[in-house]
Amino acid sequence: MRNNRGSVAIALAAALVVLAGAPVFSDGIYAAAAAASAQDDWKKEFEDICSKTQDSMSFTPDELKSLVGRCDALKPRVEKLEETQRKVYLKRLQMCRDLLAFVLESKTGK
C-alpha cells in the first residue's frame, strides 16, 4: 500500500513540474527523470517476486498464493513496457508465476 502511495505522489509531483516547466533538481534534471524512476517501481517488484523462486519450497501455501497474486498484479504493468522489454519480462514473469503455482499445487494437492 505504501509503495502505491509513493508512486502516486511521484506521478503527481512529476505532472506538476511538467506543467510548471520547472526542473525537479538543481542540476537541471527534469520531471522525465522522476517519471522514469516511478516507472522502474515495477522492476523492483519483479525482482522481489522472482528472487523468491529459489526458496519456493520453504514457503507456506498462503505465502505462495500471495506471490502468485503479486505476479498477476504485476503483469498489466509489464504489458505497458516497450516491445522488447515487454516480451522478455512477460516471459520471465510467467515462468516465475508458473513455478510458484506448481509448488503451491504440489503442497495443497489442488
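Tutor: Let's begin with a term: rings of Phe, Tyr and Trp, the last by its six-membered ring, pair if their centres lie within 6.5 Å. Keep in mind that we are looking at a predicted model.

Student: Thanks! Which residues form one aromatic cluster?

Tutor: A search of the whole structure finds three aromatic pairs. One cluster of aromatic residues is formed by Trp 42, Phe 46 and Tyr 89.

Student: Are the rings of Phe 46 and Tyr 89 stacked or edge-to-face?

Tutor: A pair of aromatic rings is described by the distance of the centres and the angle of the planes. For Phe 46 and Tyr 89 the centres are 5.1 Å apart and the planes stand at 90°. Planes over 60 degrees apart count as edge-to-face, so the pair Phe 46 and Tyr 89 is edge-to-face.

Student: How many residues apart are Phe 46 and Tyr 89?

Tutor: Phe 46 sits in helix H3, while Tyr 89 belongs to helix H5 (residues 83-108). The pair links distant parts of the chain, and the separation is 43 residues.

Student: Is Phe 46 buried or exposed, and what about Tyr 89?

Tutor: The cut-off for buried is under 20% relative accessible area. Phe 46 has 2% relative accessibility, so Phe 46 counts as buried. With 12% relative accessibility, Tyr 89 also counts as buried.

Student: On to the helices, then. Are H3 and H4 roughly parallel or antiparallel to each other?

Tutor: Helix H3 (residues 41-50) packs with helix H4 (residues 61-78) at an angle of about 150°, and their axes are 10 Å apart. Angles over 145 degrees count as roughly antiparallel. H3 and H4 are therefore roughly antiparallel.

Student: How many charged residues does the contact of H3 with H4 have?

Tutor: On the H3 side the contact includes Trp 42 and Phe 46, two members of the aromatic cluster. H4 contributes residues including Leu 67, Cys 71 and Leu 74. By class there are seven nonpolar residues and no polar ones, and the charged residues number five.

Student: Why are H4 and H5 called roughly antiparallel?

Tutor: The axes of H4 and H5 come within 9 Å and cross at roughly 160°. The cut-off is over 145 degrees, so H4 and H5 count as roughly antiparallel.

Technical notes
Residues are numbered from 1 along each chain as its sequence is written. This is a predicted model: local features need pLDDT of at least 70, side-chain atom pairs count only at pLDDT 80 or more; totals for chains, interfaces and linings use all residues. Side-chain values use heavy atoms; hydrogens and water are left out. Axes are lines fitted to C-alpha atoms, for helices over the stretch in contact, and angles run from 0 to 180 degrees between N-to-C directions. Helices (H or I, at least four residues) and strands (E, at least two) are DSSP runs, numbered from the N terminus. Angles under 35 degrees count as roughly parallel, over 145 as roughly antiparallel, 65 to 115 as roughly perpendicular and the rest as oblique. Contact means heavy atoms within 4.5 Å. Ala, Val, Leu, Ile, Met, Phe, Trp, Tyr, Cys and Pro count as nonpolar, Asp, Glu, Lys and Arg as charged, and the others, Gly among them, as polar. Rings of Phe, Tyr and Trp (its six-membered ring) pair if their centres lie within 6.5 Å; planes under 30 degrees apart count as stacked, over 60 as edge-to-face and the rest as tilted. Buried means under 20% relative accessible area, exposed over 50%, partly exposed in between (1.4 Å probe, protein chains only).
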